[in-house]
Amino acid sequence: MVQDQLRAFVHRYPIVRFATRQIRVHLPRRFGGLDPSRVPPWNRRFRLDLPRPADDRRRVGPDTLTLQLPGDLTVPRRLAASGLSRHEPGSLASFMAILDHTRPGAVLDIGAGVGVYSMLAAARSRCPVFAFEPTPELASAARSVSASADLGFSVVDLALSNHNGTGHLRRALHNDMCNRLVRTARLGFAHITVRTATLSRWNETAATYPTVVKIDTAGTEPDVVAGGLEVLRRYRPWVMTKVRPDRGVEERLMALLDPLEYRWFPISGAPPYEARTEISGRASPAWERMWMLAPEEPSSGFWDSVTVWREALERCRSGPA
């Protein structure tokens with residue numbers, strides 16, 4: 001218990017985490033020493049190629065970005081190593097195809113992390129983009145991405161859920177992509193208090209017209225949907241949501257979505273994806289775990305667009321800035 005709290009304390013503060021690693025590289029392995037070559041840097045600075053279809057004539061947005069992000073965050077490490085070509089390519093291609101085929105409106109990236117989906121929406125469309133991220137260091141990194149090439153998407157320090165007020169965010173010790181809201185009376189260094197709101201309440205205040213909603217909140221996706229039912233009924237946006245294998249999550253999502261008459265597609269394999277009558281996390285591969293919820297039957301042109309974007313993403317690489 002004490003060891004877990006100590007580990008959570010070190011993980012909570014980036015400067016403490018970095019200083020601890022610098023000390024451990026000088027210790028023998030038997031005393032917890034680290035291999036210096038495997039210690040992440042304080043910052044990563046790299047060039048990232050952005051996808052653009054071969055027949056694109058709009059020339060909206062930049063072709064590359066130069067990013068400088070905290071060195072020990074999960075997504076920047078992956079992007080610096082292999083670019084966008086290996087980062088949820090099926091999900092990103094479907095997301096970009098939705099932007100091409102839906103009506104004009106706002107893009108809401110819920111559980112944005114450092115803002116990969118927000119970055120692409122801002123770079124390849126003229127839609128207003130809102131990135132919701134309650135974890136302070138991830139929200140700060142997302143702002144840095146937004147400032148790159150003047151992308152200008154808005155970062156909202158808010159955890160969307162099924163209630164308004166505050167909540168407890170638990171930081172995952174080994175993967176910052178898995179931070180999530182929890183219900184607990186036993187708080188420790190792994191928990192921080194964050195502002196919460198329902199999607200419906202936020203949208204009432206912000207007065208947006210959502211047409212694309214992406215949700216990735218590490219297991220609390222049903223809470224986000226529950227708090228946004230009014231938005232889904234009124235605006236009928238296209239929705240992309242992570243679905244991790246958990247019967248409670250899957251069953252709650254189906255119960256909430258069934259009356260809305262959306263079509264459910266697991267992002268798996270080559271398009272066109274197969275519509276399902278049951279939501280299962282394992283229907284999408286482990287590196288995606290994403291479902292597309294369509295308010296209408298996707299056209300053949302939509303599926304062609306997914307293929308085009310997938311090919312464009314395969315050409316996206318990264319390198320030193």
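## Terms and overall build

Two strands count as paired if DSSP finds at least two bridges between them. That rule is needed for the strands described below. The model is a predicted one.

The chain has 11 helices and 14 strands. Its radius of gyration is 20 Å, close to the 20 Å that the globule rule gives for 321 residues, so the chain is as compact as a globular protein of that length. Taken along the principal axes, the C-alpha atoms fill a box of roughly 60 × 45 × 35 Å.

Of the 321 residues, 55% count as buried. The chain exposes about 15,200 Å², and carbon and sulfur atoms supply 50% of that area. Among contacts with a separation of 6 or more, 72% are between residues 24 or more positions apart.

## Strand 13 and its partners

Strand 13 runs antiparallel to strand 11, and four bridges join the two. In this pairing, Thr-241 stands opposite Trp-291 of strand 13. Strand 12 is also joined to strand 13 by four bridges, again in an antiparallel arrangement. Here Arg-263 stands opposite Ala-294 of strand 13.

Strand 13 is mostly covered, with five of its five residues buried. Both of its faces are covered. Met-290, Met-292 and Ala-294 are on one side, while Trp-291 and Leu-293 are on the other.

## Helix 11

Helix 11 covers residues 300-314, which makes 15 residues. From its first C-alpha to its last it reaches 22 Å, close to the 21 Å expected at 1.5 Å a residue.

The buried residues of helix 11 are Phe-302, Trp-303, Ser-305, Val-306, Trp-309, Ala-312 and Leu-313. An α-helix has 3.6 residues a turn, so residues three or four places apart point the same way. The buried residues of helix 11 pack against strand 11 (238-242), strand 12 (263-266) and strand 13 (290-294). They also pack against two helices, helix 4 (89-101) and helix 5 (116-124).

## Helix 3 and Ser-82

The buried residues of helix 3 are Thr-74, Val-75, Pro-76 and Leu-79. They pack against strand 1 (43-49), strand 2 (64-70), helix 5 and strand 14 (318-320). Helix 3 is followed by Gly-83, whose phi is positive, near 70 degrees.

Ser-82 lies in helix 3, which spans residues 74-82. Ser-82 counts as partly exposed because its relative accessibility is 24%, and that class lies between the buried limit of 20% and the exposed limit of 50%. Leaving out residues up to four places away in sequence, Ser-82 touches Cys-316 and Ser-318. The C-alpha atoms of Ser-82 and Gly-319 are separated by 8.5 Å, although these residues are 237 residues apart along the chain.

## Nonpolar cores

The largest nonpolar core has 53 residues. Those with the most contacts inside this core are Leu-84, Phe-95, Met-119 and Phe-153. Apart from it lies another core, of 33 residues, among them Leu-199, Leu-232, Val-243 and Ala-283.

Leu-84 touches residues from several parts of the chain, not counting residues up to four places away in sequence. Among them are Leu-48, Asp-49, Leu-50 and Pro-51, as well as Leu-79 and Leu-92. Its contacts also include Val-116, Met-119 and Leu-120, together with Leu-313 and Cys-316.

Technical notes:
Residues numbered from 1 in each chain as written. Predicted model: local features only at pLDDT ≥ 70, side-chain atom pairs only at ≥ 80, totals over all residues. Heavy atoms only, no water. Expected span 1.5 Å × (residues − 1). Buried < 20%, exposed > 50% of the residue type's maximum accessible area, 1.4 Å probe, protein only. Contact = heavy atoms within 4.5 Å. Core = buried A, V, L, I, M, F, W, Y, C linked by side-chain atoms within 4.5 Å. Rg over C-alpha atoms; globule rule 2.2 N^0.38 Å. Areas by Shrake-Rupley, 256 points an atom, 1.4 Å probe, with all protein chains shown as cover.
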